[in-house]
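Please open the model in your viewer and keep the selection panel at hand. The stops below go from a sheet to its helices, then to a helix pair and some aromatic rings.

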Amino acid sequence: METNILLSAKELTIGYQNDSVKNILFEKLDVSLKAGELACFMGPNGVGKSTLIRTLAGLQIPLTPNPLSLRRGVGIPTKISVVLTDRISAVNMTVEELVTYGRYPYLDWNIKLSKADSEIIAKAIEFTRIQHLVYKKLYELSDGQLQMAMIARALAQDTPVILLDEPTAHLDLNNRVEIMNLLRRLSRTEGKAILVATHELDLALQTADVVWLATRDKKILTGIPEDLVLNGSFDTVFQFKGFDLKTGKVSHETFRNISINLIGEGHQYLWTKNALERCGYEILQKSDLSIAIHEKENQISWAIQDQSFTSIRELLKALSKD
């Protein structure tokens with residue numbers, strides 16, 4: 001085993017067994033998590049992502065005996081911390097109390113925190129930037145704040161491996177980005193091996209070091225996100241309808257039968273092209289109709305022959321009148 005592999009599974013089969021009937025979700029998996037690596041686990045709804053997270057965390061018995069290998073520590077609670085989607089029933093506890101639970105695997109029978117425990121709790125709270133929330137009750141938190149508190153609790157557990165099941169579900173864009181960036185920074189600075197089950201395709205492609213891609217034949221493909229995009233693995237698994245992952249764009253119908261030579265660069269060009277294609281125009285370099293994008297003193301303008309416009313909306317109105 002490589003020295004930087006903190007968790008590995010060989011010939012792992014997971015699922016559920018009722019009497020003599022087995023419902024296999026994944027079979028004969030060979031996967032691993034490395035120190036300093038953020039892995040995003042993706043796949044269609046219902047494929048078994050949550051079940052695999054729970055199995056790797058030791059919360060569910062696999063269908064194959066002893067397939068997991070973990071480095072460091074003497075027990076799973078000191079090796080793996082997990083953040084699940086299960087609702088918290090004790091909502092009257094404070095954020096500080098929730099984070100403190102992360103130290104319980106290390107306490108003896110008198111449940112007394114040491115100075116080192118308190119320092120680890122304080123570090124987890126500081127890392128997740130929730131100092132202003134420590135005395136708030138859990139029922140007073142937004143979904144995003146609660147997720148940060150749960151991650152802080154996992155950090156206080158101080159394990160080399162962290163598993164998270166849909167930590168950004170039901171959050172707004174800012175909170176989703178903040179949490180994914182936090183996990184990425186945590187893997188880099190603390191050397192943790194982090195696995196995140198997620199549906200956030202756009203964020204995973206931009207933040208993950210490696211992607212675990214659940215296939216429909218009960219296997220998992222692994223690779224860096226860019227390779228899995230370019231070799232068509234994402235397209236095969238998700239079977240995108242009207243979305244081109246290689247360009248990151250929704251496919252648009254060129255229903256106007258009008259082509260435009262768009263001249264410009266940078267984000268102004270990309271967003272102008274997006275608006276024109278969304279409205280049914282084809283972007284074609286050889287077209288006789290040209291639109292030039294200009295920027296001067298942070299002011300953007302769009303020019304068609306002798307006409308100039310200060311917004312894309314004005315530009316589209318003028319085009320629709322022709």
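In what order do the strands of the open sheet stand, and is the pairing parallel, antiparallel or mixed? In this predicted model, 6 strands form the sheet in the order β5-β6-β7-β3-β8-β9, and the pairing is mixed. Select β5 (80–83) and β9 (220–223), which stand at the edges; each has a single partner strand, so one side of each is left without a neighbour in the sheet. Averaged over the sheet and with direction ignored, neighbouring strands are turned by 15° against each other.

Next, select residues 161–165 and 193–197, which are strands β6 and β7; these run parallel and are joined by 5 bridges. Within this pair of strands, Leu164 is found opposite Val196 in β7.

Helix α5, residues 143–156, lies across β5 and β6 and runs at about 170° to β5. Helix α6, residues 173–190, lies across β3 (37–42), β6 and β7, and its direction makes an angle of about 135° with β3.

The crossing of α10 and α11 is right-handed. If side chains are displayed, Trp271, Thr272, Ala275 and Leu276 of α10 can be seen to meet Ile312, Leu315, Leu316 and Leu319 of α11. By class, this contact has 7 nonpolar residues, 1 polar residue and no charged residues.

The last stops concern aromatic rings, for which the count comes to 6 pairs. Select Phe26 and Phe41, whose ring centres are 6.1 Å apart and whose planes are at 50°, so the pair is tilted. Because Phe26 lies in strand β2 (residues 21–34) and Phe41 in strand β3, the pair ties together parts that are 15 residues apart in sequence. Phe26 counts as buried, at 0% relative accessibility, and Phe41 likewise counts as buried, at 0%.

Then move to Phe238 and Phe240, an aromatic pair that is stacked, with 5.7 Å centre to centre and 25° between the planes. Phe238 is partly exposed, with a relative accessible area of 23%, and Phe240 also counts as partly exposed, at 25% relative accessibility.

Conventions
Residues are numbered from 1 along each chain as its sequence is written. This is a predicted model: local features need pLDDT of at least 70, side-chain atom pairs count only at pLDDT 80 or more; totals for chains, interfaces and linings use all residues. Side-chain values use heavy atoms; hydrogens and water are left out. Two strands pair if DSSP finds at least two bridges between them. Helices (H or I, at least four residues) and strands (E, at least two) are DSSP runs, numbered from the N terminus. Axes are lines fitted to C-alpha atoms, for helices over the stretch in contact, and angles run from 0 to 180 degrees between N-to-C directions. Contact means heavy atoms within 4.5 Å. A crossing is left-handed if the near helix is turned anticlockwise from the far one by less than a right angle, and right-handed if clockwise. Ala, Val, Leu, Ile, Met, Phe, Trp, Tyr, Cys and Pro count as nonpolar, Asp, Glu, Lys and Arg as charged, and the others, Gly among them, as polar. Rings of Phe, Tyr and Trp (its six-membered ring) pair if their centres lie within 6.5 Å; planes under 30 degrees apart count as stacked, over 60 as edge-to-face and the rest as tilted. Buried means under 20% relative accessible area, exposed over 50%, partly exposed in between (1.4 Å probe, protein chains only).
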